[in-house]
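Here are some notes to read with the structure open beside you. Take the points one at a time, and find each residue in the viewer before moving on.

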Amino acid sequence: GPHPTVVQIAKPISPNLTMSNLGFTSVFDDKITEGPDPRSREIGRAQGLYSLASLSEINLLFIFTANFQYPPHLNGSTLSFLGSDRVGLATRDMPVVGGTGVFRFARGVASVSTISVSLGVNAILKFDLTLRF
């Protein structure tokens, strides 16, 4: 669209690999909403990168921070994620490795599921969090 939130920053170096897109890397700045409807109220931004990191399946390495801007008690708080997103699974777990603000010292797991995919690249993901402080 006219206002992309994802930009490719690295391309695969070899077209002869089993998974020809291995190494494909993009940086993103996507909105976080209260619900799965893209018109839901935006509560923050997910900012980071992902890279195709498997020769045998669609497995993305995700490194990103959820920066919360609303509601007011979360304003400025963050959660950081670092882990594998095995896209072919209905539900997959991703580690939460830290946080700031009201999430200071948070650790936990995000259970991630895909709500929808359009045009093969635009996806809406649902994150159910279990956190310890």
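1. The side chain of S54 reaches the backbone nitrogen of S56 at 3.1 Å. The backbone nitrogen of E57 is also reached by the S54 side chain, here at 3.3 Å. To find the spot, look in the loop between β3 (42–52) and β4 (59–68), where S54 has its place. Is S54 buried or exposed? With a relative accessible area of 9%, S54 is buried, because anything under 20% is classed that way.

2. Before going further, a word on confidence. Please keep in mind that this is a predicted model. The mean pLDDT of the protein chain is 90, and 93% of its residues reach 70 or more. Which element has the lowest mean pLDDT, and which the highest? Strand β1 (residues 6–10) has the lowest, at 91, while β6 has the highest, at 97.

3. Now to the charged side chains. Side chains of opposite charge can pair when their charged atoms come close. How many salt bridges are there? The count comes to seven. One to look up is the pair D29 and R45, whose closest N and O atoms are 3.0 Å apart. D29 lies in strand β2 (residues 25–33) and R45 in strand β3, so this pair ties together parts that are 16 residues apart in sequence.

4. Stay with R45 for a moment. E42 and R45 also meet through their side chains in a salt bridge, at 3.3 Å from N to O. As for cover, R45 is buried, with a relative accessible area of 18%, whereas D29 is partly exposed at 32%. E42 counts as partly exposed too, with a relative accessibility of 32%. Salt bridges that share partners join D29, E42 and R45 into one network.

5. D85 pairs with R92, and their closest N and O atoms are 2.4 Å apart. Are these two residues buried or exposed? Both D85 and R92 are buried.

6. Next, follow the strands. β6 pairs with strand β7 (residues 107–118) in the antiparallel sense, over six bridges. β6 and β7 form a hairpin, with six residues between them. In the turn, G101 has a positive phi of about 65 degrees.

7. How many bridges join β7 to strand β8 (residues 122–132)? There are eleven, and the two strands run antiparallel. A pair to look for here is R107 with its bridge partner in β8, R132.

8. Which residues make the nonpolar surface patch of about 280 Å²? The patch is made by L61, I63, L82 and V97. V97 counts as partly exposed at 37% relative accessibility, so V97 passes the requirement of over 30% relative accessible area for patch residues.

How values were computed: Residues are numbered from 1 along each chain as its sequence is written. This is a predicted model: local features need pLDDT of at least 70, side-chain atom pairs count only at pLDDT 80 or more; totals for chains, interfaces and linings use all residues. Side-chain values use heavy atoms; hydrogens and water are left out. Patches are made of residues with over 30% relative accessible area and no salt bridge: like charges are joined within 9 Å, nonpolar side chains (Val, Leu, Ile, Met, Phe, Trp, Tyr) within 5 Å. Accessible areas come from the Shrake-Rupley method with a 1.4 Å probe; for residues, only the protein chains shown count as cover. A salt bridge is a side-chain nitrogen of Lys or Arg within 4 Å of a carboxyl oxygen of Asp or Glu. Buried means under 20% relative accessible area, exposed over 50%, partly exposed in between (1.4 Å probe, protein chains only). Helices (H or I, at least four residues) and strands (E, at least two) are DSSP runs, numbered from the N terminus. A polar contact is a pair of N or O atoms within 3.5 Å; within protein, one must be able to donate a hydrogen and the other to accept it, and residues adjacent in sequence count only if both atoms are side-chain atoms. Two strands pair if DSSP finds at least two bridges between them. pLDDT is the predictor's confidence in each residue, from 0 to 100.
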